[in-house]
Amino acid sequence: ALLGVTLPTPLSHMRVGKGCWTGSSVTWAVEDKEMPLRVCRNLATQECDHFEYKLMDQTANIYMALTALFAAGMEGIDKKMPLRAPHDYSSEDSSKDPPLPSGVLEALDLLEKDQLLCDAIGPNLTKSYLALRRHEAERLKDKKMEEIVQDILGSL
């Protein structure tokens, strides 16, 4: 559901996948640049002291994205939810990690079904946001990356 806010355009989803340093599944790991959530070590102390969330780009509304990320994180803390196990490198079967949404329309559908995120963003803003993003995604869904870029540049 987060990706409906943090990767809100068809172009956003075109840059995500294996080999893109963004990840392609719902997982995390320590010091692995191919994971969508990377826990980083301090080079001097080797302590894990910060993380990188890679599934957000410049097309996201930063206020909505941070609201959604904080709401999801606070729910986990408040409900004392267990942390998902990190990526399992010992298995050749990467299907243990759920895949990310296949595109922006799937991400928007998941966002609409997520009551926590919809409440955090607000019902009126969520309704308008979903309508706008779905219209944009439908209009651009059969276009190649170059056509989408030209479409955007032509509207400036």
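These legends accompany views of a predicted model of one protein chain.

**View 1. Overall fold of the protein chain.** The chain holds seven helices and three strands. From the N terminus, the order is α-α-β-β-β-α-α-α-α-α. Along the principal axes, the C-alpha trace spans about 50 × 35 × 30 Å. A compact globule of 156 residues would have a radius of gyration near 15 Å, and the 17 Å of this chain agrees with that.

**View 2. Packing and surface of the protein chain.** Of the 156 residues, 35% are buried. Among contacts with a separation of 6 or more, 56% join residues 24 or more positions apart. The accessible surface comes to about 10,000 Å². Carbon and sulfur atoms supply 59% of that surface.

**View 3. Charges of the protein chain.** The chain carries 18 positive and 24 negative charges.

**View 4. Lys 54 in its loop.** Lys 54 sits between strand S3 (48-53) and helix H3 (62-78). The relative accessible area of Lys 54 is 13%, so this lysine counts as buried, the cut-off being under 20%.

**View 5. Surroundings of the Lys 54 side chain.** The side chain of Lys 54 reaches the backbone oxygen of Lys 33 at 2.5 Å. Lys 33 is also one of the residues in contact with Lys 54 when neighbours within four places in sequence are left aside.

Technical notes:
Residues numbered from 1 in each chain as written. Predicted model: local features only at pLDDT ≥ 70, side-chain atom pairs only at ≥ 80, totals over all residues. Heavy atoms only, no water. Helix = DSSP H or I, 4+ residues; strand = E, 2+ residues; numbered from the N terminus. Buried < 20%, exposed > 50% of the residue type's maximum accessible area, 1.4 Å probe, protein only. Polar contact = N/O pair within 3.5 Å; in protein donor to acceptor, adjacent residues only side chain to side chain. Contact = heavy atoms within 4.5 Å. Rg over C-alpha atoms; globule rule 2.2 N^0.38 Å. Areas by Shrake-Rupley, 256 points an atom, 1.4 Å probe, with all protein chains shown as cover. Lys, Arg positive; Asp, Glu negative; His and termini not counted. Charge placed at Lys NZ, Arg CZ, Asp CG, Glu CD.
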